Amino acid sequence: MAEAVPEEELTIPRAAMNKMIKEIVPSVRVANEARELILNCCSEFIHLLASEANDICTQQQKKTINAEHILGALDRLGFNDYRTDAEAVLKDCKAVAAKRRRQSTRLENLGIPEEELLRQQQELFARAREEQAAAEQAQWLQLQAEAQMSLQQQQHGDVPSNSEDGEYS
């Protein structure tokens, strides 16, 4: 059975929070106390939103919270202004996921870098060209040999024999 994690341990990683702060306000210094407050507010907001989404999910007799439950929770909690932004993020996430699915091919699942696959493909093409050239050369030599034999047979057949019974030499 899983052990419950104390609530104070359920926070956003500090490194991720610091990175977000730096990206949002790069020219402003933020005191450690303010960072801690932002971290706690974010964690509380996520907890509140997840709880409300869970209530919506339960009311709809569903077992999995989905994006519509989160959007509904934003509305219920009075964060309607964030709905448009949340829908835009959801649309972007779906597009990224669809792109990832399209790009996920059997070759990518092999774990071989694209450069190595390209090198192997070029080797195979070169080998195929060599084999094709060798086959064409062999066919050409065979045709020449047949033509030579045919020419020799014609020359021997056209030369009259000195024997009286018509045998060829």
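A: Start with one side chain in this predicted model. Tyr82 has a relative accessible area of 49%, so Tyr82 is partly exposed; the exposed class begins over 50%.

Q: How is a pair of aromatic rings described?

A: Such a pair is described by the distance of the centres and the angle of the planes. Here the count comes to 2 aromatic pairs. In one of them, the ring centres of Phe45 and Phe79 are 5.1 Å apart and the planes stand at 90°, so the pair is edge-to-face; that class requires over 60 degrees.

Q: Which parts of the chain does the pair of Phe45 and Phe79 link?

A: Distant parts: Phe45 belongs to helix H2, while Phe79 sits in the loop between helix H3 (67–76) and helix H4 (83–103), and the two are 34 residues apart. Phe45 counts as partly exposed because its relative accessibility is 30%. Phe79, at 25%, is also partly exposed.

Q: What kind of aromatic pair do Phe79 and Tyr82 form?

A: A tilted one, with 5.9 Å from centre to centre and 50° between the planes.

Q: Which residues form a nonpolar patch on the surface?

A: The patch consists of Met20, Ile24, Val25 and Val28, which together have about 350 Å² of accessible area. Of these, Val25 lies in the loop between helix H1 (14–24) and helix H2 (32–59).

Methods. Residues are numbered from 1 along each chain as its sequence is written. This is a predicted model: local features need pLDDT of at least 70, side-chain atom pairs count only at pLDDT 80 or more; totals for chains, interfaces and linings use all residues. Side-chain values use heavy atoms; hydrogens and water are left out. Patches are made of residues with over 30% relative accessible area and no salt bridge: like charges are joined within 9 Å, nonpolar side chains (Val, Leu, Ile, Met, Phe, Trp, Tyr) within 5 Å. Accessible areas come from the Shrake-Rupley method with a 1.4 Å probe; for residues, only the protein chains shown count as cover. A salt bridge is a side-chain nitrogen of Lys or Arg within 4 Å of a carboxyl oxygen of Asp or Glu. Helices (H or I, at least four residues) and strands (E, at least two) are DSSP runs, numbered from the N terminus. Rings of Phe, Tyr and Trp (its six-membered ring) pair if their centres lie within 6.5 Å; planes under 30 degrees apart count as stacked, over 60 as edge-to-face and the rest as tilted. Buried means under 20% relative accessible area, exposed over 50%, partly exposed in between (1.4 Å probe, protein chains only).
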